[in-house]
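Please keep the sequence and the model in view while going through them.

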Amino acid sequence: MRVLLIGSGGREHAIAHALARSPRLAALFTLPGNAGTAALGVNVPGDPCDIGLALDVARREGIDLTVVGPEDPLAAGVVDAFQAAGRRIFGPTRHAAQLESDKAFAKQMMKMLAVPTAESRVFDTYYLAKKYIATRDEGVVVKAAGLAKGKGVIVCPDPADGILAAENILEKKMFGEAGRQIVVEELLLGREASLMVVTDGKTIVELDAAQDYKRLRDGDEGPNTGGMGAYCPSGAIDAATMRGIESEVLVPILAAIGREAAPYCGVLYVGLMLTAGGPKVLEFNCRLGDPETQAILPRLRTDFLDLAEAAVEGRLEQVDVQWDDRAAVCVVLASGGYPEKSTAGLPISGLRDAATGAEDVFVFHAGTRHEADRVVTAGGRVLGVTALGSSVAAARDRAYERASQIHFEGVHYRRDIAADVAAASDSAAPDISRSGG
């Protein structure tokens, strides 16, 4: 099969790597890709949100299946355009993608369906948001309603900080157009968990749960980022909890989407807070998470191309999903100044050393590009180093040992990814508490 992959980050390199393991893959094209995907196929320069360009590539290259990685093309309607042109594509429609691209829409749907989630209000003016937050005695979470690259959530233990966050988003345009509206939620306490499923609208295939780390610095300090690392499996969601999430969250949401428009096809990511009163939904994403994907897909033994094609064809129930028994840990290497700013064009050394002689270590490119005969930085999150191991502790040791061999000016990475679970046990996550939104 000839496959087109849309996107350019670490998630896309991990997807490309999974696709390349398929014996059925004849050719892989990535729009626009990065220095890592270039080693697995052909990078096509251009804007991943340019739907006309994506269709032209699909026609010109005789693409059999298109896989969409990031959220922006989904929100722009790339799936609708491909389906209208009679081309197969893995991902939800623009209507379904509103679960991620419009947090106010997602909240309204959850309330309508009685999906357990945080109490919330939606505002488009600072005056009303300030007036509401000032009545709160406890902390709040303030979210930009639109797409903000994973950075649009501000956790405010003090309501006064919530008022400042509302001002920064609505008045000072901290997140640009993504912040035309905000969602103000109660601050939930518990343990966070990330759950991703593949679905064709009627069958739900659970991917092993992963735990990601959003804060920039060790100890969950600093600003929210797109993600500084992850481990898998997280052990956070047991079988009984999963059954409850399916019946109270996944089935109602997918059924509602199917009634309103086309069946949901693709990945649905559910960010959860496991509270004392049970799981509550923090957010939906309509694609694989990043960096969670970099920890999940190396453990997937089932052919990812088969999985995506079965979802598109509505026969997901026929796929037997198998997993590697080993754990995976991913450590993200970011540019200095991330997430506020980053410097591009910095040469990267040690890439070959980090990947040499280790079959179960993967260096996934995110913000990289080729410049002459070298690889240089091209974004805030530059690389993700993932390692497999007999336990989380073993995988963690290997990931950090290999990450230490990679160098570029200003390189920064957290030193505590999976440290808590590694210290507690080689196979199960500890009972920790986090706060977030």
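1. Does Phe-304 count as buried or exposed? The model under review is predicted. In this model Phe-304 has a relative accessibility of 5%, so Phe-304 counts as buried, because buried means under 20% relative accessible area. Phe-90 is also buried, with a relative accessibility of 4%.

2. The next point concerns aromatic rings. The count of aromatic pairs comes to five. One of them joins Phe-90 and Phe-304: the ring centres are 6.4 Å apart and the planes stand at 85 degrees, so this pair is edge-to-face. The label follows because planes over 60 degrees apart count as edge-to-face. Phe-90 belongs to strand β5 (residues 89–90), whereas Phe-304 belongs to helix α11 (residues 304–312), so the pair ties together parts that lie 214 residues apart in sequence.

3. A further aromatic pair is formed by Phe-123 and Tyr-132. Their ring centres are 5.5 Å apart and their planes are at 35 degrees, so the pair is described as tilted.

4. Which residue places its charged end over the ring of Tyr-413? That residue is Arg-415, whose charged end sits 4.1 Å from the centre of the ring.

5. The cysteines deserve a separate remark. A disulfide is a covalent bond between the sulfur atoms of two cysteines. How many disulfides does a search of the whole structure find? The search finds zero. Cys-265 is in no disulfide, and the cysteine sulfur nearest to its own, that of Cys-286, is 12 Å away. Cys-286 is likewise in no disulfide, its nearest cysteine sulfur being that of Cys-265. Cys-265 counts as buried at 11% relative accessibility, and Cys-286 counts as buried at 3%.

6. Ala-75 is located in helix α3 (residues 71–76). Its relative accessibility is 19%, so Ala-75 counts as buried. Leaving aside residues up to four places away in sequence, Ala-75 touches Arg-94, Ala-97, Ser-101 and Leu-147. Ala-75 and Ala-354 are 279 residues apart along the chain, and their C-alpha atoms are separated by 36 Å.

Definitions and conventions:
Residues are numbered from 1 along each chain as its sequence is written. This is a predicted model: local features need pLDDT of at least 70, side-chain atom pairs count only at pLDDT 80 or more; totals for chains, interfaces and linings use all residues. Side-chain values use heavy atoms; hydrogens and water are left out. Rings of Phe, Tyr and Trp (its six-membered ring) pair if their centres lie within 6.5 Å; planes under 30 degrees apart count as stacked, over 60 as edge-to-face and the rest as tilted. Helices (H or I, at least four residues) and strands (E, at least two) are DSSP runs, numbered from the N terminus. Buried means under 20% relative accessible area, exposed over 50%, partly exposed in between (1.4 Å probe, protein chains only). A charge sits over a ring if NZ of Lys or CZ of Arg is within 6 Å of the ring centre and within 35 degrees of the ring normal. A disulfide is a pair of cysteine sulfur atoms within 2.5 Å. Contact means heavy atoms within 4.5 Å.
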